[in-house]
Amino acid sequence: MHEHDQTPAVHSTYTPRVLEVALKNCYCGGEYADLEKDLGSRPGILAVNLDRTRGVTSLEYDPNLVDSGRIRSELENSGYRCDCRERPSEHDVGPREEHAAHEDAHAGHGAAMVRDMLRRAVVSALLTIPIVLYSPVGESLGFTAEPPFGLSMELFGLILATPVVFWGGWVFISSAWRALLRGEANMMTLIALGILVSYLYSVAATFAFEGEVFYEAAAMLTTFSLVGHWLEMRSRFATGRAVEALLRLAPDTALVRRDGLEVEIPLDEVAVGDVIVVRPGGRVPVDGVVISGSSYVDESMITGEPVPVAKEKGTRVTGGTVNQTGAFDFRATAIGADTALSRIVQLVQDAQASKAPAQRLADVAGKYLVFVALSAGLIAFLVWFLLGSEGLLFAVTAAVSTIVIACPDALALATPTAITVGVGKSARGGVLFKNATELEATAGVDTAVFDKTGTLTEGRPALTDVIPRDGTSEDELLRLAASADSSSEHPMARAIVEGATARGLTLDSSDEFQAIPGHGIRAIVGGKRLLIGNKALMDRERIPADDLDDRAGTLAGDAKTPMYVAVDGEAGGLVAVADTIRESARRAVTELHHLGVETVMLSGDNRHTAEAVARQLGMDTVLAEVLPGDKASEIKDLQDSGKRVAMVGDGVNDAPALAQADVGMAIGAGTDVAVETAGVVLMKDDPAAVAVAVDMARKVRTKIKQNLFWAAIYNVLAIPIAAGALYPSLGILLQPEWAALAMSASTVTVTLNALALNREKLSIS
């Protein structure tokens, strides 16, 4: 690229824009790192994110300093063929660009590159086979025929190897040339150098001086490198295809009710406020709220939860989910880029494009390894040429083999392949990591802090116990209590009424209802005088109830609120309500303990109630009576004691604590997937998803370590062997074609190891 002038800013504010660029001829994962550094240094470019799973580069830029046309022009001048499209930046303050969730200008781009690489590999292989057969390699295999048409071996090799090198190998040569223009050397530099040295030496030996040629080495080196990169690209873009599959979840059309008629229109014509009809078996096109009808909807593609969710008037529906047997109408509340599906896809793509700390280290190490490989090749040539007795050809062969086998392609792919696979796998399970840094931080978590209300508990009181005194049935006691409470709006009264209704009890109307502040209520139901409240109310009305005190104390010890019920001046029994513990909360604590993670409950409740809930869950620590404004300081105290803390909350009231924690996790985010303060969004309304996030992050970290170790140990061992340190014992690796095969095997091994994450289960126990 040509350096452009720095234009001074004369404005105080600006709205950044984002340009997505699909690089159509950038085949090497390692080249992206060089490109990122180069683009990031350009005036006006604010941030660069490279999504290796789609072959797409996202550039955030200041439109006052540079425009998208200039960026594209500079990329093309640098040798890249590219397609560009604008998308809204997260900093935009105006209306969001409206585009349908299923539209992606770059969908299929990766698959096209994979097909092109395969085509080059197949054609190169077909041309390479006869070169090998008529070469000394073929003779060693028993093939002794002369080249056809009376051609010499030199001319026959030249004719067939030339298209292999300059058409099949052009992906390597062009990439190396672009790196040279930037003053860089990368993995493609090593491969291109090996191919060109082998080829050009053979051409010189054909026309300029007498000597052995090894066109077969140049052709085999090209073919093996193409096959290896095809396998790597095929695996790399497979993760991108998973995201493209998400984009295709939304239907192409929607059935909209307008002017009393049902009209089928394209999805991008749907407007906020439209009433949309969903029939049995149909997909929900956009986000909205049900206004009539009822059904069950399969939301597994969004939340990972396999059980269909009931939908009725007032409940939310999410675009891309699948309706089951019922039918309903809903009003659209979010369309295009604002739908949950679009935002989930964007989160996944941003996370896959982000760079983890380990990747930055690998990029730096890879850069140094390129120069180590070049230096090792030069040393191998000088040692064998000056000190050995094998001759010039052997020295050149050793140098080329050393350069090729030391190519740190595997090192460049070690981290991004594991991260992209892990992020994609987690997203399909309802766990969204906002970026690779959050994923790495989650792997290091040793303490999980849960907000109690709405996270470990349901967040609203529910009827838990009905304990009648002798002579009264359970249903009759509950019916009377619920009938008396039917006129009250108190949350505990509503819990009793809902509990009775759920049991199918028929309630009577109440008369002379009276709330007694701090004590309870009084009412007349069916001619019976009822009192419902605490023990103080019973004492005040001189109603003996001492025999119920022990049961009331037990209920209170279990974090339940007991209420005495008196009928016509006599104690009739107890009813109890509580903010019930989620069914999955115990499993969440158990699974986190399996992972060695300490669990802490953070609550504003009194210590007695908080400890009762924690005891039932098996939590390690309780922080009770904490004011909302003090939650963040409690998190900081844990961090100051050496803990690496994940804070789990609803992403609203817990925002300061989520921001303070090493990892903030917003749980049960539903359609609100863009919780700004959380680094991890758990789509399932399920505390056990926290253990899933930690487990997957640790598995990704393990894969990264395995890949980095393999890539490093491979280069440590391969360079001296290829240089001839063990010659003639492992002399086969002094042949460039076999060195290329070994290099490709290393790259494919790292990629396949990362892809093994797809077979991991998203559960602990």
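The questions below move from the model as a whole to its sheets, helices and side chains.

Me: What is the mean pLDDT of the protein chain?
Reply: This is a predicted model, in which local features need pLDDT of at least 70, side-chain atom pairs count only at pLDDT 80 or more, and totals for chains, interfaces and linings use all residues. Residues are numbered from 1 along each chain as its sequence is written, and side-chain values use heavy atoms, with hydrogens and water left out. pLDDT is the predictor's confidence in each residue, from 0 to 100. In the protein chain 84% of residues reach 70 or more, and the mean is 80.

Me: How many contacts beyond near neighbours in sequence does the stretch of residues 91-103 have in the model?
Reply: Contact means heavy atoms within 4.5 Å. Over residues 91-103 the pLDDT is below 50, and the number of such contacts in the model is 29.

Me: What percentage of the residues of the protein chain count as buried?
Reply: A residue is buried under 20% relative accessible area, exposed over 50% and partly exposed in between (1.4 Å probe, protein chains only). The protein chain has 765 residues, and the buried share of them is 55%.

Me: Which residue in β25 stands opposite Ile 667?
Reply: Strand β24 (residues 663-667) and strand β25 (residues 680-682) pair in the parallel sense over three bridges. Opposite Ile 667, the residue in β25 is Leu 682.

Me: Which elements do the buried residues of α20 pack against?
Reply: Helix α20 (residues 583-594) buries Ser 584, Ala 585, Ala 588, Val 589, Glu 591 and Leu 592. Just after this helix, Gly 596 adopts a positive phi of about 80°. The packing partners of the buried residues are β14 (447-451), α15 (452-456), β20 (570-581), β21 (598-602), α21 (607-617) and α24 (689-722).

Me: Which strands stand at the edges of the open sheet of six strands?
Reply: The pairing in this sheet is antiparallel, and its order is β15-β20-β19-β18-β17-β16. Each edge strand has a single partner strand, so one side of each is left without a neighbour; these strands are β15 (457-468) and β16 (510-516).

Me: Which residue in β20 is the bridge partner of Val 567?
Reply: Strand β19 (residues 561-567) and β20 pair in the antiparallel sense over seven bridges. In β20, the partner of Val 567 is Glu 570.

Me: Is the pair of Phe 328 and Phe 330 stacked, tilted or edge-to-face?
Reply: Rings of Phe, Tyr and Trp (its six-membered ring) pair if their centres lie within 6.5 Å; planes under 30 degrees apart count as stacked, over 60 as edge-to-face and the rest as tilted. Both Phe 328 and Phe 330 are buried. Their ring centres are 6.3 Å apart and their planes stand at 50°, so the pair is tilted.

Me: In which helices do Trp 384 and Phe 394 lie?
Reply: The ring centres of Trp 384 and Phe 394 are 4.8 Å apart with planes at 70°, so the pair is edge-to-face. Trp 384 and Phe 394 are both buried. The pair ties together parts that are 10 residues apart in sequence, because the residues lie, respectively, in α11 (residues 357-386) and α12 (residues 392-405).

Me: Which residues does Arg 479 touch, not counting those up to four places away in sequence?
Reply: Arg 479 is found in helix α16 (residues 474-485). With a relative accessible area of 18%, Arg 479 is buried. The residues that Arg 479 touches, on that count, are Leu 505, Thr 506, Leu 507 and Asp 508.

Methods:
Helix = DSSP H or I, 4+ residues; strand = E, 2+ residues; numbered from the N terminus. Pairing = 2+ DSSP bridges.
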